[in-house]
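I opened the model to look up a few things and wrote them down as I went. The entries follow in that order.

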Amino acid sequence: MARYMSVIVLLAALSVFCLGATAQTQKAMSVQVKETQLRAKPSHLGKMVVKAPYGARLTILEERGAWKRAAYGNHRGWVHASSLTTKRIVLTAGKTSPAGTVGQDEIALAGKGFNQEVENRYRTSDKNLDYTWINRMETFNVTPEQIETFLREGKLSPDNEGG
Amino acid sequence: MKKITVHLALFISLLLLCGCAAVETATTVATDIAVQKGTMTKEQAASIRTGTTAVARGLEEFTPEQEYYIGRSVGAVVLTKYKPLNDAKANSYLNLLGHTLVLASDTPELFAGFHFLVLDSDDINAFATPGGHVFITRGLIRCCRTEDELAAVVAHEIGHIQMRHGMKAIQKARLAEALTVLAREGVKTYGDQELTKLSNSFGDVISDITTTMINNGYSRAYEYQADAAAVTLLKHAGYEPGALVKMLQIMSKELKPGGSDFAKTHPSPQARMNELKMSAPTQQTQNVRTERFTRAAGHLL
């Protein structure tokens, strides 16, 4: 009996520790893609609650696999982990870097480094480079509704949506 | 009664512990998938991990935004070699198919998303940039008879992106140089000198990636990894995973020795099939899918 009790105490202690870890998941994360969506359920095919732009700070409330339930302003919804980073993304057009106030590991400057300006300069190095079709293919978009129809008509039943 | 209480307490504690484990985010590394699916041994996975850890740590420094710009220029270089196919029907079908697969992948959201384009060439070739631009030649589409087989081709390319093979093609010295320049030039608007430095470094990165992708090919290990990832992706999306083998069987007949396409940059279809240790599906793929493949891409065959 005493042995039983010690096992229980140990497991209970571990559980409390893990619950503490769960509480820590209520952290802030930033959107690291051009735009992401918070959805009503953890699926890209779920109804969109609100769009969140590059750099937006979300408060993570819950995690389920690769999906996180987050708060953004007054909205709550599910967002895929691949669109988020723990770094703070600074959207600044200024000339001064905010580095120094925050550790380099914790921030990322939007538009820093390899950006449109660098691409423009690089393009001058080879006159054969043509971005017309790169720009054009980036306008090829597919809506969740189109995917739903495509899945239904093709009798496809994905078992893993978004990791 | 007391015993029941003890068991109940034990059960609840275990339940709580299981919940904790679930909190751990499932950031699936490709090697893990491959091991789970039996397409790779633990030893192989471990050796791949050891070899890539050092470089991978450096790659974490690139933001998805920077990878997007790298991807755009890698794509532009691909398009100096191959002309795009201006075919709205084929391209929109390829994008629908591609996004269906992307949603089942571990990396459904890149900086500017995934975009797919058919290339107007008889070569059997395909490219995937770190920015999510995926190119498939008409010649490669000709190796497919069904939607599931085309899905296998596209899934292999998504696999390369998921495992960041393009970025891993950057030579270590160039990577170190690029990361140094990027760390130093912290401002958003650059003077001419900084811009030149950044642009040179950017050019070096693009050159490393495109030389590997277009001329030399990735390592055989990377190609097998992309095949293993494709099988997983096909399963998750609801496609027939054996369609990859079926496509490779056709490719082995179509591929011309000495060509500068997959004949040069990829392990032979036979070697890839041996590595997959899978057989082609015996039953017919869903007719509805084959029909829509023929409708959208039949004129390219």
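**Entry 1: terms and chain A.** I began with the elements: helices (H or I, at least four residues) and strands (E, at least two) are DSSP runs, numbered from the N terminus. With that I read chain A along its sequence and got the pattern α-β-β-β-β-β-β-β-β-β-α-α-α. Chain A has four helices and nine strands.

I noted what kind of model this is: it is predicted, local features need pLDDT of at least 70, side-chain atom pairs count only at pLDDT 80 or more, and totals for chains, interfaces and linings use all residues. Residues are numbered from 1 along each chain as its sequence is written, while chains are lettered from A and ligands numbered from 1 in the order in which they are written.

**Entry 2: burial and contacts.** I call a residue buried if 20 or more other C-beta atoms lie within 10 Å of its own, exposed if 12 or fewer, and partly exposed in between, with C-beta atoms placed from the backbone. By this rule 28% of the 163 residues of chain A are buried.

Two residues are in contact if their C-beta atoms, placed from the backbone, lie within 7 Å. I looked at contacts with a separation of 6 or more: in chain A, residues 24 or more positions apart account for 50% of them. In chain B the share for residues 24 or more positions apart is 73%.

**Entry 3: the sheet of chain B.** Chain B has 15 helices and three strands. I recalled that strands of a sheet pair through backbone hydrogen bonds, either parallel or antiparallel. Here two strands pair if DSSP finds at least two bridges between them. The three strands form an open sheet in the order β1-β3-β2 (chain B), and the pairing is mixed. β1 (115-119) and β2 (126-128) of chain B are at the edges with a single partner strand each, so one side of each has no neighbour in the sheet. Ignoring direction, neighbouring strands of this sheet are turned by 15 degrees against each other on average.

I then took the pairs one by one. β1(B) and β3(B) run parallel and are joined by five bridges; His115(B) stands opposite His133(B) there. β2(B) and β3 (residues 133-137) of chain B run antiparallel, with three bridges. In that pair, Phe127(B) is opposite Phe135(B).

Is β1(B) covered on one face or on both faces? In a regular strand the side chains alternate between the two faces of the sheet. I found both faces of β1(B) covered, with His115(B), Leu117(B) and Leu119(B) buried on one side and Phe116(B) and Val118(B) buried on the other.

**Entry 4: two helix pairs in chain B.** Axes are lines fitted to C-alpha atoms, for helices over the stretch in contact, and angles run from 0 to 180 degrees between N-to-C directions. Angles under 35 degrees count as roughly parallel, over 145 as roughly antiparallel, 65 to 115 as roughly perpendicular and the rest as oblique.

I looked up α9 (residues 172-184) and α10 (residues 192-216) of chain B: their axes come within 10 Å and cross at roughly 150 degrees. The two helices are therefore roughly antiparallel. Residues making the contact include Arg174(B) of α9(B) and Asp208(B) of α10(B).

Next I took α7 (residues 147-162) of chain B and α12(B), whose axes come within 8 Å and cross at roughly 90 degrees. These two are therefore roughly perpendicular. Among the residues in the contact are Asp148(B) and Ala151(B) of α7(B) and Met247(B) of α12(B).

**Entry 5: single residues.** Tyr239(B) is in the loop between α11 (220-237) and α12 (243-254) of chain B. Is Tyr239(B) buried or exposed? It counts as buried because it has 31 C-beta neighbours inside 10 Å. Leaving out residues up to four places away in sequence, Tyr239(B) touches Asp148(B), Ala151(B) and Leu234(B). Tyr239(B) and Asp148(B) are 91 residues apart in sequence, yet 5.8 Å apart C-alpha to C-alpha.

Last, I checked two lysines. Lys155(A) is not a glycine but has a positive phi of about 50 degrees. Lys155(A) lies in the segment after α4 (144-153) of chain A, and it counts as exposed because it has 11 C-beta neighbours inside 10 Å. Lys277(B) also has a positive phi of about 50 degrees without being a glycine. I located Lys277(B) in the loop between α14 (269-276) and α15 (287-297) of chain B. Lys277(B) is exposed, with 9 other C-beta atoms within 10 Å.
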